[in-house]
Amino acid sequence: MEFISRVDFEPRRLLNKPEYGILLILERLTRDIGGGHRVMAQTSLGEIIAPRNTSASEEARDLAFRSINSKRLDFLVIDRSGMPALAVEYQGHGHYQNRAFMRDAVKREAVRKAGVPFLEIPAEYDVTVEENRIRVALRPDQGGGSA
């Protein structure tokens, strides 16, 4: 609290303009598809997946959890029971700077191992193509999402 009391804070934008465009597409499609899906933005991986207790030693599970807990998905679509149905990463123009590629590789692998469909949308994308990919990923008969 001491450090918080020393500074003033200001609100920050949660999503940049291109990310906001993806949010609008996801919200519209989940409404159109029905099934009770909801869209979340900037969701911590540690809130939606965890290492299986039987998968490794306690130390290995702890280290794996630490590796994902500070990482966020750009978007998460959840089903009507609150379970992850689709993870979406927008690969904006800054995606290939610094260690972004490695962070995304960690996200991609952890989400894959948890059995959650993972969709990457490139900086330059065709709306119709991406809408179709999202629809397919969220159709229960395709293994994506559940009703």
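Biologist: Which side chain does arginine 6 meet in a salt bridge?
Modeller: That would be glutamate 2, with N to O at 2.2 Å. A salt bridge here is a side-chain nitrogen of Lys or Arg within 4 Å of a carboxyl oxygen of Asp or Glu. One caution: this is a predicted model, where local features need pLDDT of at least 70 and side-chain atom pairs count only at pLDDT 80 or more, while totals for chains, interfaces and linings use all residues. Residues are numbered from 1 along each chain as its sequence is written, and side-chain values use heavy atoms, leaving out hydrogens and water.

Biologist: Is arginine 6 buried or exposed?
Modeller: Arginine 6 counts as exposed because its relative accessibility is 56%. Glutamate 2 is partly exposed, at 48%. The cut-offs are under 20% relative accessible area for buried, over 50% for exposed, and partly exposed in between (1.4 Å probe, protein chains only).

Biologist: How many salt bridges does the count come to?
Modeller: Nine, by that rule. Helices (H or I, at least four residues) and strands (E, at least two) are DSSP runs, numbered from the N terminus.

Biologist: Are glutamate 89 and lysine 107 buried or exposed?
Modeller: Both glutamate 89 and lysine 107 are buried.

Biologist: What about glutamate 109, which residue does that bridge to?
Modeller: Arginine 112, with the closest N and O atoms 2.7 Å apart. They are three residues apart in helix H5, so about one helical turn separates them. Glutamate 109 is partly exposed at 36%, whereas arginine 112 is exposed at 52%. Elsewhere, salt bridges with shared partners join Glu89, Asp104 and Lys107 into one network.

Biologist: Back to E3. Why is it described as largely enclosed?
Modeller: Because eight of the eight residues in E3 (residues 84-91) are buried, the rest of the structure largely encloses this strand.

Biologist: And which way does E2 run against E3?
Modeller: Strand E2 (residues 72-78) is antiparallel to E3, with four bridges joining them. For two strands to pair, DSSP has to find at least two bridges between them. Valine 77 is opposite leucine 86. The two strands make a hairpin with five residues between them, and glycine 82 in the turn has a positive phi of about 90°.

Biologist: How many bridges pair E3 with E4?
Modeller: Five, and here the pairing with E4 (residues 118-122) is parallel. Alanine 87 has phenylalanine 118 as its bridge partner in E4.

Biologist: New topic: how many residues are in the largest nonpolar core?
Modeller: There are 19, and Ile22, Phe75 and Ile121 are among those with the most contacts inside it. Such a core is a set of buried Ala, Val, Leu, Ile, Met, Phe, Trp, Tyr and Cys residues joined through side-chain atoms within 4.5 Å. Helix H2 (17-33), E2, E3, E4 and helix H6 (127-138) each give two or more residues to this core. H2 gives the most, with five. Apart from this core lies another of ten residues, including Leu45 and Val111.
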